[in-house]
Amino acid sequence: MRGSRHRAGRPNVLRHMTRRQRRDLWLGLAFVSPWLIGFVVFTVYPVLASLYFSFTDYNVVSAPRWIGTRNYTDLIRDPLFGKTLYNTLYLAAIGIPFSLGLSLVIAMLLNNKVRLQGLFRTVYFLPSVVPAVAAALLWRWFLNPDYGPVNEFLWQLGINGPGWLADPAWSKPALILASLWGVGGSMVIYLAGLQNVPVALYEAADLDGASRWQRFRFVTLPMLSPVILFNLIMGIITSFQAFTNIYIMTGGGPSNSTLVYALYLYQNAFQFFRMGYASAMAWVLLAITAVALVGVFRTSGWVYYEARS
Amino acid sequence: MPSTSRPTRRPRRSRFAGAWLALLLLASAASAQTEITFWQAWGGSEGQAMQALVDEFNASQSEVRVRSSFVPIGDGERILASLAGGAPADLVTVWDWMVVPLGYGGALADLTADLSAAGVGQDDYLPGIWEYGTYQGAKYGVPTTINVYAFMWNKDVFAAAGLDPEAPPRTIAELDVLTEQLTTVDPRGNMRRLGFYPNVTAIYCYAFGGQLYDPTTLEVTLDHPGNVAAFEWLAAYYKKYDIAKIRRFQAGWGDMASPFNPFYRGQIAMQEGGQWEVAFTREYAPDLNWGVTTFPAPEGGRTDVTPVQSSFWVIPAQATHKAEATRFLLWLSAPEQSARFAAALANIPPRRDALAMPAFADTITPQMQTYIDMLLTGYVYTPPGLPVGLYLSDQLNQALAAVQDGTVSAREALETAQRNVQRELEKYR
């Protein structure tokens, strides 16, 4: 019986279920249907619609008009497309390694058994709880060239600090600096990962005479690598979509130096009434994100999966 | 047991039936009155002033009931979504730059017939205001209240610098000299005071005889020789005072609606400012000694440039109660109401007759009078009423950014902007 079923190819799942199982299946689907319907109506449909709009001239209020690939060819000719892509990649390429490294260092420090450990963990995590808008306003003041504490501190050291957010050459580093304040989120994930490293491995390393660096390099890092991969992927996705803090801190200026992809997309969609163009931008961003993530997975040989070995 | 429970249920059911009947009666009584939804864009005391008008309208008659809700004007996404979704409010408040793009796109009702049927026409409005929000003969909205810009100078800063506090610059050459005399730098090399700060680029395009578009042919004219001349002058300004230093200085300026406004603190000696400054200075800088006048212009340029901005009331094409919304709109924009609302906002009413209404006339100060005179006699220009909306303004800013960075000439920057906007505009032809 079993053998013949296999030979018949893919069996109809429903047919081989008992009445009860079938009833449970429908009941289960009925219970999750609000989410399934919501997913289809509010996610799948808009995503597919935006793909269609990306091939049209669409100003939101009148009917879309099919123009083929013109939005995509226009993108290539648009100097701001290249500029915003560069700004976004700059923030990702410099910002992500810094944030991954810093949150790992903080997590390892906070993993030490010290007095007031709970307090320290809370303090370092706290900025992640601050609403993005409030944090952005705070940093705008913090980095104020003339009145901000950062430049005041630099002046005490005899340095006339840069214009930070007001200077096209410093605005992107300033945004990265401000974003590092919010590493608490990935820090917590690292902390959880660190606590999952079996103590036995450290004991074995000690017996083999491993130094602190060797324990970190050959035990902690490999055991933590899946968490690093996770934080890296989340970092890529969030920094490609960066919007709120930049919208508030610089609005894209000065001189387009912080005009990131998502901000330019938003302007096209809701201020310039170029929804078709904005849809094309969104799909290009999706493609770029997908390529980046595939690249990360392809080169993820450094990740050690305990369960697999 | 069931037999005993039935009798007790029956009266309850009939009681419910009675309640339903009462509700139905109420509903039918209410249906004689049409309820319209109004998205108004003012919060705080301004919102209260608007609500007072709405309440007054509701009390004045029994056919239309206005239900107003506060939808910030910056919430363009919500407004756009409601229009695109075909379920808009009956009367909506939007920015001027949205009016023609939305109207031309078919999302707004053309008010031309209703306004002329009500006897409202061009002569009822201040010069240049009737055409505002109109495109190819269709009138897509009514301005709420008018904002107008003029040239402001800080008399105390002038006096402290040994200059005649009653002699603002009349020409661009005089402005250049005063800017240099009034600009100061601190020992760190950072700017302490900027003699003059040009914020609204378009003003100088018009002052130099240029224009952003031709209001009669509706052609974009960003590369107009007057605009190029204005941009060359701006480029020289940014080169002389160093855009990097200005940006850095700018980062330290406080909020405009606060005592930390850079003009109130003397960080800027001369700038453009709207008529709201009359109310703002009263609140945030009561001791400030400032003057207001028309914009300086170069030899042979326009000496009476009057930049105007406004928000608009529009009736969506898909509104459920267009006739009732129009009735309320006509009442709301009539001189008496226009005067009262403008007075509450420290703006200027767009209706000519409203200027003389006590509700507004009693609030006019000498400074406010300067703004009103400019409106009555000046060359009024409004943000371009073209379907490309904000794209044109953004392209002008992009051109300015390129000129500020000194990467391209004024002419090249404006020609690029012209090409881009022209190309975008062609999509609508």
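1. Of the 309 residues of chain A, 40% count as buried. Buried means under 20% relative accessible area, with over 50% called exposed and the range in between partly exposed (1.4 Å probe, protein chains only). This is a predicted model: local features need pLDDT of at least 70, side-chain atom pairs count only at pLDDT 80 or more, and totals for chains, interfaces and linings use all residues. Residues are numbered from 1 along each chain as its sequence is written, chains are lettered from A and ligands numbered from 1 in the order in which they are written, and side-chain values use heavy atoms, leaving out hydrogens and water.

2. Overall form of chain A. The radius of gyration is 25 Å, whereas a compact globule of 309 residues would have one near 19 Å. That radius is taken over C-alpha atoms, and the globule rule is 2.2 Å times the number of residues to the power 0.38. Along the principal axes, the C-alpha atoms of chain A fill a box of roughly 85 × 70 × 35 Å. Chain A has 14 helices and 2 strands. Helices (H or I, at least four residues) and strands (E, at least two) are DSSP runs, numbered from the N terminus.

3. Interface extent. Contact (heavy atoms within 4.5 Å) links 32 residues of chain B with 33 residues of chain A. The two chains bury about 3000 Å² between them, 49% of it on carbon and sulfur atoms. Arg188(B), Arg248(B) and Lys427(B) lose the most area in chain B, together 25% of what that side buries. Buried area is the accessible area (1.4 Å probe) lost when two parts are put together, summed over both.

4. The rule finds 5 salt bridges across the interface. A salt bridge needs a side-chain nitrogen of Lys or Arg within 4 Å of a carboxyl oxygen of Asp or Glu. Arg423(B) forms a salt bridge with Asp74(A), with the closest N and O atoms 2.3 Å apart.

5. Which helix gives the most to the side of chain B that touches chain A? H16(B) does, with 5 residues.

6. Helix H4(B). Here 8 of its 9 residues are buried. Among them are Trp97(B), Met98(B) and Leu102(B). The cover includes helix H13 (261-271) of chain A, together with H3, strand E3 (91-95), strand E4 (134-135), strand E11 (305-314) and H16 of chain B. Just after H4(B), Gly106(B) takes a positive phi of about 95 degrees.
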